[in-house]
Amino acid sequence: IGNTSQARDIKLNIAATVTAVRFVGVTPSNCYPQIAADSSGSKLYVQSTSGNAQIEADSHTGYSWGGSLNVPIVFLSDTDIRSSIPSKYLVMGRDFHGTGNLHFYSPSGEGFIMLRTSASPDYTGTIYVSDSRLFQVNGTLYACTNAPFVIHRGASLTLAGVAHCGKVISM
């Protein structure tokens, strides 16, 4: 990746369907990998025909985030989303679509996951959070307004500047 600062973009200019997205490795500079949409309105479709799809953030630098998905995402199947690097963020910064359930977790309990999604009213899957030291929704007034959130024991949810998060939040 080797950028000097900020995001190192992989621009998505087509509608792409993936089973797995993995951010891995270490960069020597103050940058982070990011899948970003260009101006064409493209979306990332996440679907698995066998088991859950996977989004994994295992990359980092000493100075930056672990990875960023800054593209609209359509969840066509259930998806496991994990961040395993201590004190590093996996940031999901655009709107969600679809009905697939999302399972957010950090195996070590130390990775951070941040949602900066829009209201995303057409996303209706359930968002499960477990084994995460910090699951944060911030920077948006309304977040996933039609999706139930389930926060399991041992997980934490932080809301920052959010007026309405989810259809219902249960613990």
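Let's start with the overall build: this protein has 20 strands and zero helices. (Both are DSSP runs numbered from the N terminus: H or I over at least four residues for helices, E over at least two for strands.) What you see is a predicted model, where local features need a pLDDT of at least 70, side-chain atom pairs count only at pLDDT 80 or more, and totals for chains, interfaces and linings use all residues. Residues are numbered from 1 along each chain as its sequence is written, and side-chain values use heavy atoms, with hydrogens and water left out.

How confident is the predictor? Its per-residue score, pLDDT, runs from 0 to 100. The protein averages 84, and 86% of the residues score at least 70. Confidence is highest in strand β5 (residues 44–46), with a mean of 96, and lowest in strand β1 (residues 5–12), at 73.

Now look inside. Of the 171 residues, 50% are buried, meaning under 20% relative accessible area with a 1.4 Å probe, counting protein chains only (exposed is over 50%, partly exposed in between). Some of them form nonpolar cores: sets of buried Ala, Val, Leu, Ile, Met, Phe, Trp, Tyr and Cys residues joined through side-chain atoms within 4.5 Å. The largest core has 36 residues, and L69, F75 and M92 are among those with the most contacts inside it. Strand β6 (residues 53–60) gives this core its largest share, three residues. A second, separate core has five residues, including V91 and F112.

Which residues does L69 touch? Leaving out residues up to four places away in sequence, its partners include V21, I35, V91 and M92, where contact means heavy atoms within 4.5 Å.

Key. pLDDT = per-residue confidence, 0-100.
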